[in-house]
Amino acid sequence: MTTSSNTRAEIQRLRERPNAQVLIVGGGINGLGTFRDLALQGVDVVLVERNDFVSGASAASSHMIHGGIRYLENGEFRLVKESVTERNGLLKIAPHYVKPLQTTIPIYSTFSGILAAPLRFLTHKQGKPKERGAFLIKTGLTIYDAFSRDGGTVPRHSFHGRKRSLQELPKLNPGLKYTATYFDASVHDPERLALDVLADGLAAGPHARAANYLEAVGARDGGVVVRDRETGEEFAITADVVVNASGPWTDLTNAALGEATRYMGGTKGSHIVLDNPELLDACRGREMFFENNDGRIVLIYPLKGRVMVGTTDLEADMSAPAVCTEDEIDYFIELVSHVFPAIPVTREQIVYSFSGVRPLPHHDDTAPGFVSRDYRIVRGTVPGLGGTTVLSLVGGKWTTFRALSEHLANETLEALGMTRTVQTLGLAIGGGAGFPTTQQAERDWIARYGADVGAERAAMLLSRYGTKATAVLDAIAAWDGEDAPLAAALSYSRAEIDHLVRTEHVAHLSDVFLRRTSLAFTGAISVSLIREIGEITANALGWSPNRGAEEEDAFQAELAAAHRVNLESGDGSEAVALR
């Protein structure tokens, strides 16, 4: 494989100076957040990721930044308080990607679950599934509002009876008795937010280095052995502190370094994405969040002109890839019919699916839904690394990544004998810096930067990249010749894709479709689009014709195997879900 120029340059920089104060293993959101935090403190820090950045557990999220109302029943009040605080904070420091999300819970009884809830709270056992009624949900939302009292940036919850509920959402199941509506937050482009976090860290200075497709495979002579996944070459990186932030693979990383641990016990969560205009319209811009009759929490979520349905919570087998199964699809279709019984949902409407493993702690016989979503940091040493301090992160979720990274960075600084000099609380992330948060400010930004591309295009780039859209506009202005929209995806242009490939550590075609854009998620992929973006990527990275063809074939195989998307072979005009 041939990786991108900036990836190759980063790996070469590491080979030339294979030492640092801190080595972070794992490029998910928590590893990236810790990298950013330490880089801002001036720490000599290196991050390595075996695949693409934010391609593991962090790429399989429910696209929510939420306080975790259901964690109240688990008694995780500290986590709920931290989550609500961080949700409110991210609405301010990452307003380009994190937005308020109106969420509605359909309720079918008044007092159901009152006796079962205390038992679940005390034992953390699932027991017989029992739907939560209005009284229990009202109590939970009142407590939830109380956690939002200080620094709250979203409205308090509201309760409505059947008549008002069906006036607002007429396609809901007419058998409901109430609805409860509250606000959390959405993150429409989690991968792009993570890339902003990475870019912030790298921008701190040459003391911050990060490379994707560089895998930690062992320990030797006091250093972590890493393998370049393009060349197969190995070299050792020495550090005073090693941070294991490899998510659900934390135990496997420790084993590779020579220390057997049993910290993790992740659960699998899957989602499907539907092209169903009737269902999209029925949601009225709201997420539907509720408990199914089997006790699982599920959601129906309008997103990017599609409707995402999820999620499952199943024991994970880390020896096998996580994929959405036929049984899970049946489950999702059935649960939509429970909420919107008059709206047909079929397999033919599925344009994308994805699945991942939550980085949860080992939990023995605790029911998956009751496994703690909180995190902890385990300090130790690994024989092959001599006296090097190893900090293993256990747990963590998208919502709390900034606070978790601060905590992990503080422990790292303590191990180094250093003190914090920069606070990340309230510090804008990437394109969130200077992002216009009023209509007038947005109009002013578009007027200032949109002269050459037009107001509509400037507004689209602003929504896609935040204020970092200025770099894309500069790339468009510098493009050799007149920029043109992609023939198979008119909302993107050739100069824009070229800019992403050259500046955002792209190594494979899949990196562009799955993490630098949302083309796969929305079902916009076709054979012709793969060829068009493949040509741009090949030109930017210097691929040979054979390499370009291999990349196209590999991406189509990945789409089929991991996301149940099969590209039709005829004229390549559309993608369909495997059924």
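Entry one. I looked up Glu535 and found a relative accessibility of 39%. That makes Glu535 partly exposed, because the value lies between the 20% and 50% limits. The model is a predicted one, so I treat each value as computed from it.

I then looked for the partner of Glu535. The side chain of Glu535 meets that of Arg494 in a salt bridge, at 3.2 Å from N to O. This pair joins distant parts of the chain.

Entry two. I stayed in helix 15, which runs over residues 494-503, and picked Glu496. Its relative accessible area is 0%. Glu496 is therefore buried, since the cut-off is under 20%. What does Glu496 touch, apart from its neighbours within four places in sequence? I listed Arg457, Leu461, Arg464, Tyr465, Val472 and Ser491 as contacts.

I turned to Asp228. Asp228 forms a salt bridge with Arg8, and the closest N and O atoms are 2.7 Å apart. Here too, distant parts of the chain are linked. Asp228 is in strand 9, residues 223-228, while Arg8 is in helix 1, residues 5-16. The two are 220 residues apart. I checked the accessibility of both ends. Asp228 has 3% and so counts as buried. Arg8 has 24% and so counts as partly exposed.

Entry four. I looked up a pair within one helix. Glu551 and Arg547 form a salt bridge, with 2.5 Å between the closest N and O atoms. Why are they about one helical turn apart? Both are in helix 18, residues 545-563, and they are separated by about one turn because they lie four residues apart. I noted the accessibility of each. Glu551 is at 7%, so I put it down as buried. Arg547 is at 9%, so Arg547 is buried as well.

I asked which residues are linked in a network of salt bridges. I found Asp52, Asp511, Arg515 and Arg516 linked in this way. Last, I looked up the count. How many salt bridges are there? The count comes to 35.

Key. Residues are numbered from 1 along each chain as its sequence is written. This is a predicted model: local features need pLDDT of at least 70, side-chain atom pairs count only at pLDDT 80 or more; totals for chains, interfaces and linings use all residues. Side-chain values use heavy atoms; hydrogens and water are left out. Buried means under 20% relative accessible area, exposed over 50%, partly exposed in between (1.4 Å probe, protein chains only). Contact means heavy atoms within 4.5 Å.
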